[in-house]
Amino acid sequence: MLPPVPSYDGLSSPVPLRPHQHEALEAVRRASEAGSRRWWVTMPPGAGKTLVGTEVARLLGLRTLVLSPNTAITAQWAHTWESYDGPPAGNRRDLRSSFTSLTYQSLAVFDDADREAGATSDDDEDAAAPSHLDRLHPHGRELVETMREAGPLLVVLDECHHLLEVWGELLREVLDQLPEAVVLGLTATPPGAMTRAQVDLTAELFGPVLYEASIPALVAAGTLAPYAELAWLVEPTPEESAWLAEQSTRFAELTSDLFAPGFGSTPFPTWLQQRLPGDSEAGADGPATTWAERSAREPDLADAVLRLAHAGLLALPPGAVLLERHREDPGAEDWRVLVDDWLRGCIQPRAELEGAEGAGDRDVLETVRRTLPAIGYTWTRRGVRTGRGTVDRVTARSRAKEAAVAGIAAAEARNLGDRTRVLVLCDHERATATTRRRLSDGPTDEGLATPEPAGSALGVLASLLRHRDAAALRPVLVTGRTVAASHSTLAALVDWLRRTHPMLAGGLRIEDADGVAVLTGRWTSGAWVGHLTRWFAEGGTQCLIGTRGLLGEGWDAPCVTALVDLTTATTPTAVVQTRGRALRTDPDHPDKVALVWSVVCTYDGHVAGAGDWDRFSRKHRGYFTVDEQGEVVDGVAGVDSAFSEFHPPPADAHDAVDARMLVRAEDRDTIRSQWRSRGEVADAVGHVVRVRRTGTGAAPADEPRTGTTGLTSWTEQARQRPGARLAVVPPVVAVVLVVLLAVLGLPLAAVVVLGVLLLGAAAVAAVALLGRATLQGASEHRVGLGHAAAAVADGLRRAGLSPVGSDALRVQVAPDGTTSYGLADVDEDVSARFATAFEEVVSPMASPRYVVPRRVTSAPVGIEGLKRGLRSRGRQQPDGEVWHTVPSALAAQRSSADAFAAAWHHWAGGDGTTVPAVYAHSPEGAGVLATHRGEDPFAVTCVVRRVWA
């Protein structure tokens with residue numbers, strides 16, 4: 001029998017709660033009053049999840065069990081609970097303490113014998129799958145039984161994504177045994193970043209999210225430190241580049257084979273055209289068989305096909321529209337998807353035929369099998385699978401990254417001086433023999449061995465010590481088994497330990513190993529991490545180098561000013577937890593601004609040379625940061641507005657990018673003000689289309705010059721153009737020049753001759769200006785990008801795909817001339833629909849289902865312009881047409897296409913008439929495609945960006 005739970009009435013929070021913590025507790029209270037017993041709360045690292053959990057325990061007054069992923073976090077829970085000055089926290093499975101903090105491993109450790117029995121049962125098709133509870137170690141089963149007997153119990157699952165990733169099915173069985181338990185799941189991983197399987201399991205175990213606090217909202221509120229994401233771009237070393245060039249030659253041979261006539265019973269391009277044929281030509285009003293519908297069923301294959309078409313290697317399927325993500329050459333993953341579909345769907349079945357009938361396809365399979373490792377893939381009977389990825393490993397762990405870290409650390413030291421605290425996170429302590437064998441395939445056919453891997457924590461330390469300015473930070477490597485630094489730095493550490501922990505210092509000694517000094521003795525990582533963290537905070541060392549496993553989740557050092565991320569983990573959990581090490585506010589420096597650096601290695605000469613950039617993009621997907629223009633943007637565009645997640649900058653742009661990043665790193669005041677100036681804003685996400693005139697940095701002529709505005713004020717600005725008043729300028733200038741010539745004493749004859757010439761030229765210029773002004777004045781407005789955006793917004797509303805129209809259009813012009821278009825006060829799905837539709841309308845026509853015309857008026861100058869302007873008598877006089885794509889969201893049916901056409905002609909028709917959308921496969925539409933396909937109607941480039949607030 002467990003002892004009763006004491007009263008918590010006299011307890012109170014040891015620190016004042018922040019607004020978001022109050023909001024989370026209020027959400028829990030409402031859910032409890034509604035009868036719910038399963039709660040899920042999401043907060044980023046540093047937001048105070050632990051205090052929310054202990055407050056729930058205090059308010060409910062139940063016996064509480066907290067399960068956490070590691071001992072560091074369990075200690076944080078115990079420390080927070082004991083700061084209430086109540087009953088002490090326990091750490092035993094007997095749950096005799098009213099508040100117990102344990103690791104997940106205390107529960108989820110499986111018995112080896114049961115695991116073997118389970119494997120045997122799996123081989124028996126008639127045997128039922130063993131229960132996860134039955135497979136638990138006796139200690140785990142004992143804990144479950146104690147929880148069941150405890151009666152009403154609060155179970156807090158901290159960082160519950162660990163359970164979802166590893167022990168989700170076990171958790172389901174455990175909770176089924178605890179009908180009286182109240183369960184609180186706490187995690188830093190937002191629901192939008194989870195996989196579909198994780199979302200489904202979470203919904204079953206916890207129900208909907210009760211409360212979610214985003215990183216941008218907490219930064220704007222001052223709970224987390226302002227920050228900026230930066231990137232340092234490098235190329236592989238010469239040795240690495242030579243090896244990559246050899247692999248590129250092998251891949252070129254494969255692509256040549258794929259497009260060779262007769263390579264396979266059904267050639268590669270023929271197969272792809274048959275697999276995704278594009279829009280049906282049966283008729284405009286028949287059953288919809290559109291490219292959009294087909295691509296939605298197989299999005300990865302469809303995207304790869306469109307990138308192949310963009311590269312000119314395949315005909316563009318009818319109905320397809322090339323968006324930003326398609327206007328790139330196909331990458332390694334695209335080739336994997338395409339080749340896998342061809343081999344499994346076409347070549348492999350025929351290769352299995354006996355005799356000569358399948359011989360040719362068997363040869364094709366063998367040829368492809370030998371070449372696929374050049375891009376990091378292997379062929380199996382179940383398809384093309386990710387292999388050892390030697391090309392990607394070379395770029396991911398390039399030695400060039402080690403030198404980049406030294407440059408970043410030195411720049412941070414110049415910017416902050418004594419306040420500098422740099423944390424470098426790596427995957428491994430050293431490039432072990434196992435890692436080296438895994439990376440190297442041995443000598444190639446040409447005798448060139450794979451370069452030895454780098455990028456380890458030990459390699460980074462050596463690079464920092466070789467750099468004079470970086471070495472001044474006294475860098476220290478701290479991993480689960482090693483503490484290393486220069487001899488002088490370790491001597492200073494031992495002196496500090498003699499003052500603070502003399503008993504510990506007496507058993508330590510400094511030894512030389514691998515070119516650096518190592519501190520050995522009677523201590524373990526459980527002790528040295530805490531001591532080195534305190535020494536780091538005090539400035540004994542200003543740079544710690546460690547592994548993500550040790551200095552990642554659960555490690556707390558608010559003094560960190562810059563994080564350098566060399567890790568390769570791309571899961572949302574890893575990304576959020578890694579960045580969380582830098583975003584905590586520093587009580588000693590309230591003005592702290594954190595920098596998060598990613599070092600990225602790319603190689604232009606190989607299709608898989610962008611693998612590190614792809615990893616960089618995946619890390620930033622769903623993660624918001626402030627860009628150089630002050631907008632909080634999702635993805636790599638937040639690092640630099642010119643970045644695209646689909647391709648890296650070319651190698652010759654690396655130096656310029658790195659220079660821009662160093663300039664941003666110097667100006668922490670601007671980064672801080674960009675966050676703080678946002679004030680109280682809605683914690684919401686939307687999409688915008690960023691548009692830039694091709695080949696010019698100027699804002700479009702019909703857009704507001706600066707700031708953010710609605711459609712009405714934008715239209716007014718568009719009408720404020722220089723008009724007929726400019727026509728008087730040339731004559732005035734000519735008269736002034738004639739007078740000046742006379743004053744200067746020129747002969748009268750010369751003054752008369754020059755005066756006649758000047759006045760004649762002035763008259764011609766005046767007529768030209770007057771003609772253009774009169775002709776332009778005949779239009780109500782010039783049709784431009786803003787009108788197209790308004791038409792898209794109204795078209796979506798008329799088709800029932802948006803609750804708002806052009807009245808919600810917002811236009812913003814950045815200092816560099818980039819113009820952003822988006823809808824205000826709509827949910828994320830609607831804003832994304834608008835952004836995609838607008839991008840399609842203003843981009844070059846590809847292979848649309850429906851098209852609409854825009855009447856245009858040329859503006860000749862001189863007498864002809866004046867005559868045409870006077871004849872117009874204030875009415876438009878269109879003399880040409882430009883055709884645009886009807887957005888795919890509105891092109892599935894004739895009714896929605898005509899709804900867009902009505903909105904389009906209202907805003908951009910040019911003559912006030914309304915005509916239906918033109919079906920692209922009709923005779924008229926075929927003529928339009930023949931003359932206008934590929935034309936850029938506005939001469940702009942578009943990118944869609946996901947933005948916060």
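Asp85 is exposed, because its relative accessible area is 70% (exposed means over 50%, buried under 20% and partly exposed in between, with a 1.4 Å probe and protein chains only). Asp85 sits in the loop between H3 and strand E3 (99–103). Helices (H or I, at least four residues) and strands (E, at least two) are DSSP runs, numbered from the N terminus. Asp85 is not a glycine, yet has a positive phi of about 60°.

Leu95 lies in the loop between H3 and E3 as well. Its phi is also positive, near 55°, and Leu95 is a residue other than glycine. Is Leu95 buried or exposed? Leu95 counts as buried, because its relative accessibility is 1%.

This is a predicted model: local features need pLDDT of at least 70, side-chain atom pairs count only at pLDDT 80 or more, and totals for chains, interfaces and linings use all residues. Residues are numbered from 1 along each chain as its sequence is written, and side-chain values use heavy atoms, with hydrogens and water left out.

Now the whole protein. It has 37 helices and 27 strands. Of its 949 residues, 53% are buried. Take the contacts (heavy atoms within 4.5 Å) between residues at least 6 apart in sequence: 75% of them join residues at least 24 apart.

Helix H11 covers residues 238–258. Its 21 residues should span 30 Å at 1.5 Å a residue, and its end C-alpha atoms are 30 Å apart, so the two agree. The expected span is 1.5 Å times one less than the number of residues. Which residues of H11 are buried? They are Glu240, Ser241, Trp243, Leu244, Gln247, Ser248, Phe251, Leu254, Thr255 and Leu258. These residues lie on the same side of H11, because they cover an arc of only 155° around the axis. The arc is that of the directions from the helix axis to the C-beta atoms. On the other side of H11, Pro238 and Glu239 are exposed. The cover over the buried residues of H11 includes helix H12 (268–275), helix H15 (332–351), helix H16 (359–371) and helix H17 (390–396).

Helix H26 (residues 572–580) is mostly covered, with eight of its nine residues buried. Those eight are Thr573, Ala574, Val575, Val576, Gln577, Thr578, Arg579 and Gly580. Helix H20 (residues 457–466) holds Ser463. Ser463 counts as buried, because its relative accessibility is 7%. Leaving aside neighbours within four places in sequence, Ser463 is in contact with Glu402, Ala403 and Ala406.

Last, the open space. Rolling a probe the size of a water molecule over the atoms shows where empty space is left. A pocket is an open set of points on a 1 Å grid over the protein atoms alone, where a 1.4 Å probe fits, with protein on both sides within 12 Å along at least five of seven lines. Lining residues have an atom within 4 Å of a point. The second largest pocket holds about 960 Å³ of space. Its lining has 31 residues, and Gly48, Thr50, Thr80, Asp556 and Arg584 lie nearest its centre. The elements that give two or more residues to this lining are helix H2 (49–60) and helix H3 (71–82). H3 gives the most, with four residues. By class, the lining has 11 nonpolar, 12 polar and eight charged residues. Ala, Val, Leu, Ile, Met, Phe, Trp, Tyr, Cys and Pro count as nonpolar, Asp, Glu, Lys and Arg as charged, and the others, Gly among them, as polar.

Technical notes:
Grid points are joined across faces, edges and corners, and a volume is the space filled by probe spheres set on the points.
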